[in-house]
Amino acid sequence: MSNAKETILARTRHALRDVPRDERPEDVSIERGYRTRDEASRKEIVDRFAEYVAEYEATVHRVAEADLPKSIQEALERRGVEKLVVPSDVPEDWLPEGVELLRESPEDHLSNEDLDGSDGVLTGCALGIAQTGTIVLDSGEAQGRRILTLLPDYHLCVVREEQIVGLVPEAIEKLGVAVKDKGRAITFISGPSATSDIELERVEGVHGPRTLEVLIVGAS
Amino acid sequence: MTAGATDAFSPGKTPTFQESAKVSLADSQLRRNIGKAAKGIREKRAAAVAELPDWQELREAGRAIKERTLRHLDDYLLQLEESVQNAGGHVHWARDADEANRIIAGIAKQHDADEVVKVKSIATDETKLNEHLESEGIKAHETDLAELIIQLANETSSHILVPAIHKNRAEIREIFMRELDVKDLSDEPSDLTEVARLYLRKKFLSAKVGVSGANFGVAETGTVCVVESEGNGRMCTTLPPVLVTLMGIEKIIPTWQDFEVYMQLLPRSSTAERMNPYTSFWTGVSGEAGDGPQEFHLVLLDNGRTDVLADEVGRQALNCIRCSACLNACPVYERTGGHAYNSVYPGPIGAILTPQLVGIGKPGPDSLPYASSLCGACYEVCPVKINIPEVLIHLRGKVIRKKQSAGLTGKLHPENVAMQAMAKTFSDPSLYESAQRLARIGQWPLARSGAIHSLPGELSGWTRSRDIKPIPDQTFREWWRERRGS
């Protein structure tokens with residue numbers, strides 16, 4: 001008996017005997033007639049991002065660069081966070097006062113128990129997508145491992161205006177390097193987790209952070 | 001050469017759609033829930049789609065990418081294998097359900113796991129993975145809320161996307177109190193969800209092995225993608241040290257770039273959202289150190305898919321990205337619900353996929369291509385342009401021809417005679433009109449209270465499962481002529 005791989009490949013080739021032998025994949029044309037660039041102004045794109053993120057029941061604030069540390073501090077106080085998880089490479093001036101910091105370092109990872117017992121996590125992001133109100137994490141700068149934004153019940157995320165793209169194709173293109181060259185995992189987050197499994201009634205927050213708060217940072 | 005799917009759908013024993021539909025139609029709770037769900041999602045989907053001015057261009061690209069992939073599937077399978085291996089993952093090939101189940105059980109045993117956490121995967125439903133693991137002493141915990149509910153209730157899914165749509169809150173409360181040993185529980189969905197969160201959190205943190213399906217696998221990079229709402233997918237693919245993904249061989253897309261199409265098509269078609277809450281993409285295990293599983297296995301499943309591929313008309317069913325828009329659009333599904341299809345793939349897509357996966361010539365699956373009025377609503381909403389009515393008619397032809405060759409029917413079988421006569425009549429306007437006039441005169445002994453409940457003699461099979469509206473006093477063509485003349 002031949003092995004499974006050989007059998008499946010042989011069945012596949014037999015099934016495709018109507019395909020001309022000299023046909024190459026690129027001979028099957030793909031008409032990509034859809035939009036790949038958002039022609040709207042930067043202001044419109046950022047406004048749309050803020051509007052759509054808020055529609056997912058996430059809390060959104062627009063803040064000026066200079067006010068960011070203060071805004072972070074205020075958000076954590078409002079939430080009553082005492083133990084805060086922070087990735088190793090979060091900028092120093094983001095770090096709040098009067099809060100116990102569970103700071104991850106590349107050599108010394110926080111345990112799942114630490115994460116599970118924390119009150120929240122503070123991160124940056126890879127980019128934001130206006131068309132869908134999506135925050136994208138790629139384990140890059142100020143984001144840390146995937147688990148950091150999964151076990152805590154509250155996620156405070158900083159998105160810089162210049163990180164926001166208009167359309168999904170623009171985001172996929174920008175993420176190509178992280179995937180192809182670095183093999184990094186990518187996570188799309190569009191609002192807090194949700195379920196409509198019981199009588200189609202929407203319930204916010206099942207397994208991930210049940211509260212998502214977003215700070216959009218502009219120049220002024 | 002071709003083995004076909006193993007008994008994943010129990011094709012020999014399953015009743016026909018028409019038999020099962022009678023049971024479903026009598027269940028008023030089921031009909032209410034499904035009617036409410038289908039209508040709600042249908043309206044929301046239309047609004048979400050209307051937001052994108054380039055929806056038709058996206059659909060066309062979604063279709064074309066799948067066509068390219070399927071026509072060169074052997075090349076893409078080999079490329080995917082190499083990419084996953086380069087990223088530090090392992091690739092397994094499974095000819096059928098049993099082989100896939102044995103591979104997955106073997107991996108769990110290697111790690112001394114007596115339980116695994118699972119994120120909703122129709123492929124593992126198809127292979128009946130949970131039952132197999134159980135027989136090997138491994139408990140599979142479903143972690144999707146709806147899947148957990150039906151697992152605890154010991155039932156099967158009735159909808160691809162909302163599997164517990166046939167259960168109301170009071171029933172769910174009862175199941176949780178009984179199975180999870182919870183006291184004092186209200187029937188508020190938020191309270192019920194909280195109970196599930198706490199119960200499953202413990203499972204996520206202790207499980208050694210996670211099992212997932214895949215929405216897409218990228219040949220170019222080896223990236224696997226899971227699209228979800230609740231976060232259980234992120235949990236299952238991040239927390240356990242070992243991750244096993246079961247993926248049908250048709251779930252391949254050629255390049256990372258192709259996500260720019262499918263991440264627009266799938267969420268809006270599926271849950272009618274701009275984007276689903278969480279999507280995870282991972283590429284082997286070569287990401288950041290200590291991030292996610294240390295071991296990744298991808299199991300590629302055939303189980304009848306190469307049989308579907310061999311049918312030049314039917315192979316487009318493999319384009320399916322499991323959004324479930326066709327279920328919500330279907331007037332037949334809306335009334336019968338998912339269980340009547342007796343398959344893990346219900347609705348219009350199931351009606352063309354199941355009979356092809358298990359092979360024509362079995363009474364249950366053979367009845368599925370008839371579970372349709374051919375209204376075409378499914379084709380219209382399909383984000384990858386699967387022409388479901390075309391495949392339904394094609395499969396009806398195959399069913400009839402199979403019966404003929406088996407001597408079960410012949411040229412003189414009433415359905416065959418009727419179809420031939422219909423073809424002739426429809427092709428000639430004057431024949432068509434005189435047939436209508438004749439029918440109007442001929443029907444009067446049969447029509448009662450506005451419907452024909454049973455046709456005589458050889459045609460009685462037609463009305464056994466449907467009522468026919470009598471021919472109106474004035475046909476559309478007659479009315480049209482009069483209107484134009486006046």
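**Exercise 1. Determine what share of chain A is buried, and how spread out the chain is.**

Solution. Buried residues make up 48% of the 220 residues in chain A, where a residue is buried if 20 or more other C-beta atoms, placed from the backbone, lie within 10 Å of its own. The model is a predicted one, in which local features need pLDDT of at least 70 and side-chain atom pairs count only at pLDDT 80 or more, while totals for chains, interfaces and linings use all residues. Residues are numbered from 1 along each chain as its sequence is written, and chains are lettered from A in the order in which they are written.

Next, take the radius of gyration over C-alpha atoms and compare it with the globule rule, 2.2 Å times the number of residues to the power 0.38. For chain A the radius is 22 Å, well over the 17 Å that the rule gives for 220 residues, so the chain is more spread out than a compact globule. Along its principal axes, the C-alpha trace of chain A spans about 70 × 50 × 45 Å.

**Exercise 2. Work out the strand order of the six-stranded open sheet in chain A, and find which helices pack on it.**

Solution. Begin with the elements, which are DSSP runs numbered from the N terminus, helices being H or I of at least four residues and strands E of at least two; chain A has five helices and 12 strands. Two strands pair if DSSP finds at least two bridges between them, and the order in this sheet is β1-β12-β7-β4-β2-β3, with parallel pairing. The edge strands, each pairing on one side only, are β1 (59-64) and β3 (100-103) of chain A.

**Exercise 3. Describe the side of chain A that touches chain B.**

Solution. Count first: 65 residues of chain A are in contact with 79 residues of chain B. Helix α1(A) gives the most to this side of chain A, with 10 residues. Finally, four bridges join β9(A) to β9 of chain B (residues 278-283), the two strands running antiparallel, and B:Tyr278 is the bridge partner of A:Ile189.

Conventions: Two residues are in contact if their C-beta atoms, placed from the backbone, lie within 7 Å. Ala, Val, Leu, Ile, Met, Phe, Trp, Tyr, Cys and Pro count as nonpolar, Asp, Glu, Lys and Arg as charged, and the others, Gly among them, as polar. Axes are lines fitted to C-alpha atoms, for helices over the stretch in contact, and angles run from 0 to 180 degrees between N-to-C directions. A residue is buried if 20 or more other C-beta atoms lie within 10 Å of its own, exposed if 12 or fewer, and partly exposed in between; C-beta atoms are placed from the backbone.
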